[in-house]
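Have the coordinates open while reading.

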Amino acid sequence: MSDRVYNFSPGPSMLPLAVLEKVGSEITNYQGSGMSVMEMSHRSKVYQTIFDDTKARFKKLMNVPDDYEVLFLQGGASTQFSSVPLNLIGRTGKADYALTGNFSTTAYKEAKKYGDIAVAASSADKNHSYIPTQEQLTVRPDASYFHYCANNTIYGTEWQYIPETGDVPLVCDMSSNICSRHVDISRFGVIYAGAQKNLAPAGVTIVIVKKALAGHELPFTPLMSSWKTQIDKDSMFNTPPCWCIYVLGEVLKWLEAQGGVEGMEKIKHGKAQMLYDVLDASRLFHCCATDSRSDMNVTFRSDDDELDKKFVAEATAAGFVNLKGHRIVGGMRASIYNAMPVEGVEKLCRFIEEFDRKA
Ligand SMILES: *Cc1c(COP(=O)(O)O)cnc(C)c1O
């Protein structure tokens with residue numbers, strides 16, 4: 001469709017056009033069922049097939065080992081900010097957090113309600129423009145878990161290594177880079193991600209839990225926040241986000257066609273590198289992140305707020321929308337998740353170069 005724009009929104013974000021067209025074609029009558037997926041009982045055979053297929057595809061794509069469970073939950077990644085301590089902190093009453101941006105700090109504040117929470121490292125001293133090194137992390141050996149956020153959506157930094165924490169389980173918020181790179185799941189205790197950045201419409205949250213870690217929640221844990229409840233009922237204790245899980249399944253099929261996570265890793269890194277190369281060569285703009293630059297959210301700015309405003313306005317008029325940075329960072333942010341076509345980034349690069357020449 002020619003009237004579609006290049007949407008650089010941080011989330012909810014672009015979905016692959018082929019997926020939108022496919023689900024559009026099935027919207028009133030899913031594969032001869034006579035009804036929309038939106039109208040189906042989650043207990044029906046036809047829906048159960050969609051659910052099982054989506055879960056199996058996800059496990060295969062992400063190489064999820066058998067001793068892990070994949071859950072499709074509601075409540076967004078933010079609900080997991082409390083579910084994580086509720087389910088995990090009971091072991092020692094302690095947990096350690098790396099603060100590298102907005103969401104990890106929110107998760108840390110939430111966890112403080114439930115136990116003794118320490119800061120393992122923080123990049124707040126330089127407005128979260130970098131990721132701490134392994135040497136800068138202090139993890140208490142008796143922490144019940146260590147929590148970090150793999151990609152800082154607002155600041156545009158991304159962990160380029162998996163922290164080494166000995167016997168302390170790793171818990172990771174992968175909301176904004178899940179399925180964009182290969183991940184060795186066996187290194188983690190728990191991974192969670194709201195799907196609306198990289199995988200599906202808003203409404204489904206993916207939680208990958210090492211089964212041995214579930215079932216030890218604090219006694220007052222709400223029924224619906226217990227991972228054990230959800231594992232025992234295969235994410236169907238109550239109505240799951242049926243439609244979102246169906247679209248997720250279609251996005252996963254699309255990802256398979258891109259060469260899976262490994263194929264996508266090359267594509268997305270190429271897109272990001274192209275944009276960083278243009279910004280590094282730019283006269284007016286520079287990147288906000290000083291190291292560990294994110295392949296998903298590229299933050300940049302000039303030294304002049306008015307010029308930034310002019311850039312955003314002209315970009316919008318040219319069909320590159322949602323480039324305004326988050327208010328706590330300022331400048332611009334190009335969110336280039338999996339579904340952003342290569343040509344969208346190429347065209348943005350030409351636009352930046354042209355603006356750079358003219359201004
Ligand atoms: C968007 C985002 C969140 C919040 O997700 P919700 O699903 O809206 O709760 C949490 N963490 C990260 C890294 C995000 O990008």
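A polar contact is a pair of N or O atoms within 3.5 Å; within protein, one atom must be able to donate a hydrogen and the other to accept it, and residues adjacent in sequence count only if both atoms are side-chain atoms. By that rule, a polar side-chain atom of Lys197 sits 2.6 Å from an oxygen atom of the ligand. The protein buries 86% of the 390 Å² that the ligand exposes when taken alone. Such accessible areas come from the Shrake-Rupley method with a 1.4 Å probe; for residues, only the protein chains shown count as cover.

The model is predicted: local features need pLDDT of at least 70, side-chain atom pairs count only at pLDDT 80 or more, and totals for chains, interfaces and linings use all residues. Residues are numbered from 1 along each chain as its sequence is written, and side-chain values use heavy atoms, with hydrogens and water left out.

## Ligand site

| Residue | Atom on the protein side | Distance to a ligand oxygen |
|---|---|---|
| Ala77 | polar backbone atom | 2.9 Å |
| Ser78 | polar side-chain atom | 2.6 Å |
| Lys197 | polar side-chain atom | 2.6 Å |

Around the ligand there are 13 residues, of which Ser78, Thr153, Asp173, Gln196 and Lys197 come nearest. A residue is near if one of its heavy atoms lies within 4 Å of the molecule. The shell divides into four nonpolar, seven polar and two charged residues. Here Ala, Val, Leu, Ile, Met, Phe, Trp, Tyr, Cys and Pro count as nonpolar, Asp, Glu, Lys and Arg as charged, and the others, Gly among them, as polar.

Which helix gives the most to this shell? Helix H3 (residues 76-88) does, with four residues. Helices (H or I, at least four residues) and strands (E, at least two) are DSSP runs, numbered from the N terminus.

Ser175 lies in the loop between strand S8 (170-173) and strand S9 (190-194). Ser175 is buried, at 8% relative accessible area. Buried means under 20% relative accessible area, exposed over 50%, and partly exposed in between (1.4 Å probe, protein chains only). The side chains of Ser175 and Asp173 make a polar contact of 2.7 Å. A polar side-chain atom of Ser175 is also 3.1 Å from the backbone nitrogen of Gly194. Not counting residues up to four places away in sequence, Ser175 touches Ala77, Tyr192, Ala193, Gly194 and Lys197; contact means heavy atoms within 4.5 Å.

Gln196 is placed in the loop between S9 and strand S10 (205-210). Beyond four places in sequence, its contacts are Gly11, Pro12, Ser13, Pro201 and Ala202. Gln196 and Leu248 are 52 residues apart along the chain, and their C-alpha atoms are separated by 9.7 Å.

## Gln230

Gln230 belongs to helix H5 (residues 227-232). Its relative accessibility is 3%, so Gln230 counts as buried. The Gln230 side chain reaches the backbone oxygen of Met224 at 3.2 Å. Contacts of Gln230 beyond four places in sequence are Leu71, Leu73, Met224, Ser235 and Phe237.

## Cysteines

How many disulfides does a search of the whole structure find? It finds zero. The cut-off is a pair of cysteine sulfur atoms within 2.5 Å. Cys172 is buried, at 0% relative accessibility. Cys288 is in no disulfide either, and the nearest cysteine sulfur, that of Cys287, is 7.4 Å away. Cys288 is buried at 16% relative accessible area.
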